[in-house]
Amino acid sequence: MVQKYESPVRIYKYPFELVVAAYERRFPTCPQMPIVLDCEIIEDNVFDNGARRDTKRRCKIAVEAPYLIKKIIGVDVVYFIQQNFLDMKTRTLNIEATNESFATRVEIFEKCRYYAHPENPDWTCFDQTATLDIKNFFGIEHSMEKMGMKQYTQTTLKGKEIIEFFVNELKQEGITHVDRWVDDATVTSTTAGAATNTTPPEKPPLCRDNSILDADYIAKYLGQLTPLQESKLVQLRKRFEHGTSEHPEPDYQTLLRFLRARDFSIDKATGMLQESLQWRKEQRIDSILGEYKTPAVVEKYFPGGWHHHDKDGRPLYILRLGTMDVKGLLKSVGEDELLKLTLHICEEGLRLMKEATKLFGKPVWNWCLLVDLDGLSMRHLWRPGVKALLRIIETVEKNYPETMGRVLIVRAPRVFPVLWTIVSTFIDENTRSKFLFFGGPDCMHAEDGIEQYIDTDKIPSFLGGSCNTLIHEGGLVPKHLYKSESIEETNGAIQAHDHHGLYKAVDLKPGQLFELLIRNTDPKSVLTWDFEVLKNDTLFAVFHTEKEIEQSGNDDFSSVFDGPDFKEGTNYKKIEQSVKCRPKEGVQGSHEMASTGTYVLQWMCPPSCDGPAQLMYFHEILSSANYKGSMTSLQSGFSSNSLQSR
């Protein structure tokens, strides 16, 4: 097994010569690395009038391992060979180290480099890589791999501390500056005027990826990372370092988000990010903040907006989903426009996170979402609306991974388990773990309330706080703002828009019935319906029977229950009471089918109507396997009366 470790560039704000002087003081031992028992110089050569020095050391290292492993390998110390190649002219120090002990079983190779900062000659850069190839090690290869990672982590974390320690020791001795190397022959010749031309000094080597990623940058912009995570971040950056005008080079925050989304798998993160970059190009996402114009209906009826920050400094977005007219917004602006609105919000979130990072002086690379569900009902389970929501979730998960830091769900009613069960399966497991639920009306002051996460003076007034917001309350979108109705009447005929083939049209003469028979073999499954009355009043009710019945024949003025074999209350019952639906009303509802048998959705045009009734309907059965008992709170609890929308 071969493991490769790579650390990002570290910056020392000291000249190269002073850093080298501090580095030399760590030999043969230093207090910060007690496992290094001794370092013996076995070769030491100086070249080019002192410009170059090659040093070879044999280092004795204490084995940091459990007692059992020490007994297995039979040693308490191991030996490494370290070679240093110092070039004072180019201001570089290359270090290579490999194991001498157990070399036939394990190959360890570490390479470090100190060099002058390419843009600031008074600073010094440091980078470090290591490979571990365990071929055969007494059957404890996995344990050795973990020990190797632990050792590398400790060395990386202590590296900067060691240099800083010895730089301070030099300062205490009065050494704050070390002259740069100068060729004595060149100085003498130039002073005497013998040389008429001088060779310009060699440019310091460029940083390996033409950018600086040091420990200070990580702490300020990325947060705490393990050495292995830092290594993978640098490796992923290399794969995208040649950006173009069409595909700009992603910043480190973006790279880190995609790495986290794929559990720090470089190959998986690369594929995911490449697809996202192509998507951004095709959809012109980089221009959306400047080009997007919010539709007037969204400005007036979309109940969402940005609102200060949470206690961790995350930008806070509030969505009053319970008062959102999903159907009205979809019919007035369309699914694509709602998706574009969401993407605009996501891009705003990225911008606000960068601003928060500067404002609070710490990494802020995700935002907080507060969702108020007060008013949520089964009308929010309108099928095209759920479909649009799932499309939005899928798009955001693919292209904005790890941007959601926390989701606060407040005032969730009993209908919420239905919606949550449907959408949660489409949300990444890591994102689902960030959802926090607060039931009941007093989500602010209750024990473990939202005051844990949002400052009291920032909690909006509609949740009992003192802070006013400009977020709209939502409400029903007037139908005259719809781009087109689900149904249109042309020359007296009813025509249905596609709605992906979900809805069917029905004409009913006065006194005529239309009954939809649903045979259920799946107890605890959920029957949902959605219909819209276009013309004349219509009566709607739901029935259930365990007796075998068949659809009525040609007599559309009789119910399947009108025969002598049926008696209401004995072998069939009305489980949703009759409700009168007026023209231009939309009705959504659901019923948990607690038992098997036949359920009947019944529509009737009252005999007193002066003309036929017209309606479009849709129904769906949601499997009990998707709910696992969470639907029990819905049993007959949502009358169609409460689910009407005008």
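Are F561 and Y572 buried or exposed? Both F561 and Y572 are buried, where buried stands for under 20% relative accessible area, exposed for over 50% and partly exposed for anything in between (1.4 Å probe, protein chains only).

Before going on, a word on the model. It is predicted, so to speak of a local feature takes a pLDDT of at least 70, side-chain atom pairs count only at pLDDT 80 or more, and totals for chains, interfaces and linings use all residues. Residues are numbered from 1 along each chain as its sequence is written, and side-chain values use heavy atoms, leaving out hydrogens and water.

Now the overall picture. The protein has 646 residues, and 48% of them count as buried. You'll find 15 helices and 23 strands; these are DSSP runs numbered from the N terminus, with helices being H or I of at least four residues and strands E of at least two.

Take helix α7, residues 252-261: nine of its ten residues are buried, so the rest of the structure largely encloses it. Among the buried ones are Y252, R257 and F258. Just after α7 comes D263, with a positive phi of about 50°.

Next, the rings. The structure holds 23 aromatic pairs: Phe, Tyr and Trp rings (for Trp, the six-membered one) with centres within 6.5 Å, called stacked if the planes are under 30 degrees apart, edge-to-face if over 60 and tilted for the rest. Y23 and F27 have ring centres 5.3 Å apart and planes at 80°, so this pair is edge-to-face. F561 and Y572, by contrast, are stacked, at 4.1 Å centre to centre with 5° between the planes.
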